[in-house]
Amino acid sequence: MPSPGLNNTGHSNMNSQSLIEIDGSYGEGGGQVLRTALALSALTGQPTRIDRIRAGRRNPGLAPQHLAGVLATARICDAAVQGAAVGATTITFEPRERPRPGAYHVDVAESAQQGSAGSVTLILQTLLLPLAFAGATSHLTLRGGTHVAWSPPFDYLEQVYLPTLARLGFRADCHLDAWGFYPVGNGQISARIEPVKLPLTPLTLEERGELQQVQGRAIACNLPADIAQRIANRAGNVLTGAGLPARLTPHRAKGAGPGAGLFLVATYDQAVAGFAALGAKGKPSDKVADEACQELLAYHAAAAPVDPHLADQLLLPLALTAGRSQFRTSQVSLHLLTNAPIIQRFIPAHISIDGAEGRPGRITVEGAPLPA
């Protein structure tokens, strides 16, 4: 795998610091490279230029949700930004202040000046860490897609991601104000981000313990209620047949557009993991249920505490935590392998990934906390 960027180069008008150049095509070549670079640029004050943004995607460059994330991150640290437009493949981002707490409203459609169901959960993940270090409470209102493919659904954020970050010392909560499924979007989440509790606590998560429960909800938004019931019934049969009794609740919701999905949370003695599948036009209810259930069953069989999605999302907060953190994941993903070197371009954390892509692995992080 090639280097994630070029060597740092001096740039006289860039906040008197070296410009960190990042190759956006590195690794999985998607939006994660951009989000990690933005968050760390805001946190450290180091300017960055990101080239070949999302070069690994069918439609390269900034999509509406990525543009909204760039503009929102720029607001919290008064960054000067060059190249921010839908479709842009290169941007330069220069923070001029430390992240500022406050009340921020982000609307993906408004930022892009076009309708969009771009993921607001990914925008929240970009803003959360910079605002957590801003010194006072912040409030976010994010409009766009709340349940969108290739991004964590709101349920995952609320029930897996934020509770795990709380173990380190991060304090944040979120609320689903309105459902927003692809392609209509127009959903909304609100979030409160409290100042981080220092010192952060290193995480050791080698074992998950016994399974306590599997809970989930099957959603039918602006669709007949029996769709949610069919998804729940199928998922219950699959999980029970595999020896994992689950409590599943069908739920009929209303939103700006139609959508369906299944969201599962498995709680163990020492860990929590989440899995989801979304419906689509012409996609049978049974297939929605099977997708989420098979992911959960694969994770359960691997006997590791951290699910593949959480593993790469933990790297950045652990890299900011003094001391040594270590966890095992059920699957080393390309996102995980991509995120580590991007983080290390900005801060001197040491990240070791022992495991091949697609296989279980052990991750060790020697953090490099930010100066006070």
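Is W179 buried or exposed? With a relative accessibility of 9%, W179 counts as buried (buried is under 20% relative accessible area, exposed over 50% and partly exposed in between, with a 1.4 Å probe and protein chains only). The views below come from a predicted model, where local features need pLDDT of at least 70, side-chain atom pairs count only at pLDDT 80 or more, and totals for chains, interfaces and linings use all residues. Residues are numbered from 1 along each chain as its sequence is written, and side-chain values use heavy atoms, leaving out hydrogens and water.

**View 1. W179 and F181 form a stacked aromatic pair.** Their ring centres are 5.9 Å apart, with 0 degrees between the planes. Rings of Phe, Tyr and Trp (its six-membered ring) pair if their centres lie within 6.5 Å; planes under 30 degrees apart count as stacked, over 60 as edge-to-face and the rest as tilted. F181 is buried too, at 3%. A search of the whole structure finds four aromatic pairs.

**View 2. Y268 and Y299 meet edge-to-face.** Here the ring centres lie 5.8 Å apart and the planes stand at 70 degrees. Y268 belongs to strand β12 (residues 259-268) and Y299 to helix α7 (residues 285-302), so the pair ties together parts 31 residues apart in sequence. Helices (H or I, at least four residues) and strands (E, at least two) are DSSP runs, numbered from the N terminus. Y268 is buried at 2%, and Y299 is buried at 1%. Ring pairs also bring F275 into a cluster with Y268 and Y299. Look for R208 as well, which lies over the face of Y299 at 5.0 Å from the ring centre (for a charge over a ring, NZ of Lys or CZ of Arg is within 6 Å of the ring centre and within 35 degrees of the ring normal).

**View 3. E28 and R57 form a salt bridge.** Their closest N and O atoms are 2.5 Å apart (a salt bridge is a side-chain nitrogen of Lys or Arg within 4 Å of a carboxyl oxygen of Asp or Glu). E28 is buried at 7%, while R57 is partly exposed at 30%.

**View 4. R217 and D155 form a salt bridge.** The closest N and O atoms are 2.8 Å apart. R217 sits in strand β10 (residues 211-221) and D155 in helix α5 (residues 154-166), so the pair ties together parts 62 residues apart in sequence. R217 is partly exposed at 25%, whereas D155 is buried at 3%.
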